[in-house]
Structure formats: C-alpha cells, structure tokens
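Please keep the model open while reading.

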Amino acid sequence: MRWMRTFIKPVTHQLPLFIIIVLVLGGDEPLYRLFRKLFLDVALPSLPFLTDITLRFGFVFLQAYLITALVNFVNRKWFKGCIYIYIIGLMLVRRFLRYNFHAEIGPLILQLVADTNASETSEFLATYAFTPASLKAYGIVAASIIIIIVCELLRKRIGRLLSSRLLAPIVALLTFVGLGSGIYMCGTFRRLFESKSVAEAFYWYDPNVVIRPTDLHSKFIYSVVISKLVAKEVVDAQKTALEFKDTPVVATCDSTLNIVVIVGESFNKFHSTLYGYPLLTSPRLAHEKEIGNLCVFSDFCSSYNTTTESLKGMFSMSTQPGNNDWFKYPTFFQVFKQAGFNVQFWDNQLNYGQFMPYNFVLSSYIYDPKMLPLMYSQRNEHSLDYDGDIVNDFIKNATCDPSKRNLTVFHLIGQHMRYDERYPHTADFEHFTADSIKRNDSYLTPSKKSTIAQYDNATRYNDWVVGQIIDYFVDRNAVLFYFSDHGEEVYDFHDYQGRDHAANPSPMTVKYQFSVPMLVWTSSTYRQLHPNETAEIQAAVDRPGSLDGFSQMLLHIAGIKDLYEPTRDILSPNYQPRPRLLPDINVNYDDALKKLPTPQQ
Ligand SMILES: [Zn+2]
C-alpha cells in the first residue's frame, strides 16, 4: 500500500495543480470528445476511438505527472507559484488566440510574432486588448484562478480521500494507464524529428495520418521544427539566387519601358468603388477607368491570407499552386535586374526582423546582405508613417531615368490594421464617419460602424497614394500593376474584423480574406507603342487569376522568355486556368465561392 501511495502522490497530493496542467495543456480536448460521444451522440465509443483518446490524453497526463512530482520533490511554495504562473499564462494566451482569431499556438503564430516589430506589437495590443473576445478570455482566466484558490484550500482533504484504502488502487490503475500511454506517445516524435522537408513535417501534423500529441508543448515543438525547416528553405532560396546570378536574361521590350508594381496590404476589394462598393472610396482610380487608362480584373485571389506567405510566393518565379517550391526559383527582382532593368524597391513595411529571435521569415531573405546586390539597384532606408510619405521619399531619392528600363516596386502598408493610423487626419482624408455607413445589421454598433468608416478612409487615402504614383509616371512609357497581398474582413457579413487562420473557413470568409483586387494602368504613350499588349490586357480582365502567376504577367510585358510559361500567364491567349488551391487551409477557392448564396462579381 505504501509504494502505491508514493506512486500516486504527484496526483493525490497536488490534485488542483495536476488538473489545471492537464486541462490547459490540451487534455480538455480528448475529454470533450469523449463527453460528446457518450452524452451528445449517445453512442458507444469504438476501440480505435478509445485508443486515440487515451493516447492523446496520456501524453498530457505524463507531463502533468512529471511536473507535480517535481513540485513535491522541490517542496517550496515559490516553485509551485512559478509553475502556476506559467500554466495560467499559457491559459491566457490560448484563450486569447482562440476567441480573437480562432487560432492555436502553431508555426503561423510563431511566424507572426517573429515578423512583428515593436510598433506593430503596440498597435496589435491597442486593437485587441479590450475586444469582447479578449474580455471573455480574461474572465475565464479570473474565474479559473478563484476555483484554483478554493481547491488549493481543500487540497489536503481531497488528497487524503484519494489515498484511502478504497480509492488508492483505482487512482493507481488510472495513473498507470495514463503514464503508459504517455511514454508510448514520446516515440511518435521520432518521425517529426526525422522530417527532412516542410511537407514531411506537415504529414506528421495531419491528424488523419498519425495519432500524435496535440497538447500545447507538442505544438510548440512542432512549430520550432517547422520553423527550422522553413529557415532551410530560405537558405535554399539564397543558393538558388547565387546559382542564377550568372544566367544571362534577355528582355525584348523597348528600351524606355517603365514597369511599376504596387503591392497593397489588406485590401478588401469589396470596399472599393471599382468593385461595386456604394461609397466613393476610389474616386481617382474610377476616373482612370472611365477615361480608359485602367483595366480592372474581376476575379483574382491570393493563395494565402498572411503577408509573408503571400509575398514569398508572389516574388518568386515559381508557378506551382501556392508557389510551394518558391525557393527553387529566383525572385522577379533578380530576373529583371539581370535583364538590365534598373530595379527599385520602396518598402513601407521594411521589417526589423533581424533583431527578432527567428530569422527564417521573408525579411531575412529579401534583405539578406548577400541578396541585396542581386535584387535591387536602389531601395529605401526607412519605413515612414504614411504611404504618401514613402511615395514622396521615392520621388525625392530615387534615380528613375525615363529614357531607360525601370522596374519600380512599392510595398505599401495600405489598409493594414489599425485603419485609423493609415491616413493623415486632415479634412481631405477624414472623409467618412460612422454616419456614412448605411447598414442595418444588428451587430453593427456605432463603434463598429466607425471602424468601417476608418477602413473606407484608409481605402480612399490609398486611392490618392496610387494616384500620386500614377502622376509620377503619367508622361512616361509606363505600365502599372496594383494588387493586394490578401483581403481583410471589416464586419462585412458577421461580427468580425481582421483575418483568422481557422482550418475550416466558411465560403464568405474565403471570399473576403482571399479575394484581391488586380488593376493594370497604362499611360497613353504605352498604349500607342504597345497596341498588342494593350489588347491582351483588356482581353484578360475576366479570366480567373491568382497571385501565384503574377511574375508571369511581368515576363510577358517585358518580353522575357527565360522562365516564361504561357499557360501560366493570364495575359497570354494560351493561358490555362487551374484550380485555385489555398494550401494552408486546404481549401479550393473556386469551390468555396461556388457555395456562396448570392451570385458574385
Ligand atoms: Zn498583408
């Protein structure tokens, strides 16, 4: 009996701590599945189901057992306090992510944290610190703390009860099963650690393929492993660039061609006049369209709803769905530089990622010292408050000789949250207010209407910024592309603002977060010199497109045959549209949009 009591002491002696560790780390999920099976579905669980539940639960059980055994061994109040602080901190992060973003701790979250600089962090906290979802998370954590305190007061009594002659053997049996399953699950990590590619690690993560631990610590380990594999892809991408650097590239376009690429940010195209929004958010571009300078593509999407993933693929010459092999191809910057273009990059999201603990992100690739001379002739040095400032900075500092070939790329902060910080608060740009939003959805409070108005002001300011760029190039032989890295939700069809990373998004979510605007503006000089290309652009506006193939449009315009695939080029008569897959969430964009209740534009 004595050895049995010692064996179960981590459970019986520290029961409140033990239970909270199990629940916070992820033991609540298998327990909930079991509960649902038994009481909601009123079905008898099958043997494979029970095995699955027991194994997943076992791994959390093992961790809780080891931690509480350590607490008993150290036997100091401060030590136990530290464990509680850690576990309650995890609980808070988990609830916060789940309620605000339907997200779990995973590689994407780690990447977003790594990709975010100090000013974005403070903006993020200002936006999300007091949302109803965050308050719900705080409430649950506060209630849990109270329950923990009460249970801690009763702890010794419960411990004596569980160690009684009657209950001790039952607790010992359960502990034995829990620990056995947990130890068995340790073995499944071997497969993860042996993964040699991102795809293999994803395979480990797929719940339909293997039974694997799904607790927070395992998710964290998985995220670190996959981050390292992604870092390896960045190294491969650098290798690709260095190997490509001596390949001659020939452009057959005329010697004065100016190609301009504007990469917007979080542009929900359904908030643009060009795509049917009732408010005048795009006056300048609507005018450009009216006078025949602008082609508006009706059906474009991004494969990702995060900046890094979207740009990594879009910059690469890869044409695979989702550009999953992006690192095997050089960027279009490099291709154009080698074709003799003066390549300029003005980035208003110039990232300070090199100071973050993770260096695998896109910024570590496009700003790697070895890559800089291969990709750009000139670039900006600092991000500025507003996108208008970055255009002025370009006009002031860039050498953009109109008699030569130039590729000018702007990366804007666009309509990234917080929207009210994206435009100067002057009479010109404070155009819309909550009263401008004539919608009656029950969830739209005055403050949410004012958020929509801010988004619309940011969109209108963006229209002005693009107008400034057009003014700069208007007298040149110039063609300009404008699109956004992904969409955004601004209380469009339900009570939600931002982007989430849930595994099973609704068709409406797909529509708003993954549809992007694609605009092609041409100067009159360009149209005179290029009647064929002009006609090709006009003929393509209603073809289904994806940012995956954007680099092919650039090759078409520049007359570059290296790496060119006409079937992937939306401007080519030989274009072959493919199913548009969204790899991160495993959804087919076309299928999702077909499920929408009303006809879409
Ligand atoms: Zn973005």
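**Helix packing, sheet and backbone**

Helices α3 and α4 are roughly antiparallel to each other, because their axes cross at roughly 155°, and an angle over 145 degrees counts as roughly antiparallel. The model in which this is seen is a predicted one. Helix α3 covers residues 47-74 and helix α4 covers residues 77-101, and their axes come within 8 Å. The crossing of α3 past α4 is right-handed. On the α3 side the contact involves I67, V71 and V74, which meet F79, K80 and I83 of α4. By residue class, this contact has 5 nonpolar members, no polar ones and 1 charged.

The loop between α3 and α4 holds N75. This residue is not a glycine, yet its phi is positive, at about 55°. Most residues other than glycine have a negative phi.

A further partner of α4 is helix α2, made of residues 15-40. The axes of α2 and α4 come within 10 Å and cross at roughly 30°. That angle makes α2 roughly parallel to α4, since angles under 35 degrees count as roughly parallel. Here the crossing is left-handed. From α2, the residues L17, I20, I21 and V24 take part, and they meet K80, I83, Y84, I87, L90, M91 and R94 of α4. The contact of α2 with α4 divides into 9 nonpolar residues, no polar ones and 2 charged.

How is the chain divided into domains? The domain assignment gives domain 1 as 2-228, while domain 2 is made of two segments, 252-418 and 463-594. Taken over C-alpha atoms, the centres of domain 1 and domain 2 are separated by 42 Å.

The next element is a sheet. It is open and consists of 8 strands in the order β4-β3-β5-β1-β6-β9-β2-β10, with mixed pairing. Strands β4 (378-379) and β10 stand at the edges and each has a single partner strand, so one side of each is left without a neighbour in the sheet. Strands of a sheet pair through backbone hydrogen bonds, either parallel or antiparallel.

Strand β1 (residues 258-264) runs parallel to strand β6 (residues 478-484), and 7 bridges join them. Within this pair, V260 stands opposite L480 of β6. Strand β2 (residues 294-301) runs antiparallel to strand β9 (residues 515-522), with 6 bridges between them. Strand β2 is also joined to strand β10 (residues 545-546), by 2 bridges and in parallel.

What lies across β2 and β9? Helix α12, formed by residues 283-290, takes that place and runs at about 115° to β2. Helix α12 also packs against α18, at an angle of about 50° and with the axes 7 Å apart. This angle makes α12 oblique to α18. The residues in contact are P283, R284, L285 and E288 of α12, together with D463, W464, V466, G467 and I470 of α18. They divide into 5 nonpolar, 1 polar and 3 charged.

Which form does the peptide bond from M417 to R418 take, cis or trans? The bond is cis, with omega near -5°. R418 lies in the loop between β5 (406-411) and α18 (446-473). Most peptide bonds are trans.

Conventions
Residues are numbered from 1 along each chain as its sequence is written. This is a predicted model: local features need pLDDT of at least 70, side-chain atom pairs count only at pLDDT 80 or more; totals for chains, interfaces and linings use all residues. Axes are lines fitted to C-alpha atoms, for helices over the stretch in contact, and angles run from 0 to 180 degrees between N-to-C directions. Helices (H or I, at least four residues) and strands (E, at least two) are DSSP runs, numbered from the N terminus. Angles under 35 degrees count as roughly parallel, over 145 as roughly antiparallel, 65 to 115 as roughly perpendicular and the rest as oblique. A crossing is left-handed if the near helix is turned anticlockwise from the far one by less than a right angle, and right-handed if clockwise. Two residues are in contact if their C-beta atoms, placed from the backbone, lie within 7 Å. Ala, Val, Leu, Ile, Met, Phe, Trp, Tyr, Cys and Pro count as nonpolar, Asp, Glu, Lys and Arg as charged, and the others, Gly among them, as polar. Domain bounds come from an automatic or database domain assignment. Two strands pair if DSSP finds at least two bridges between them.
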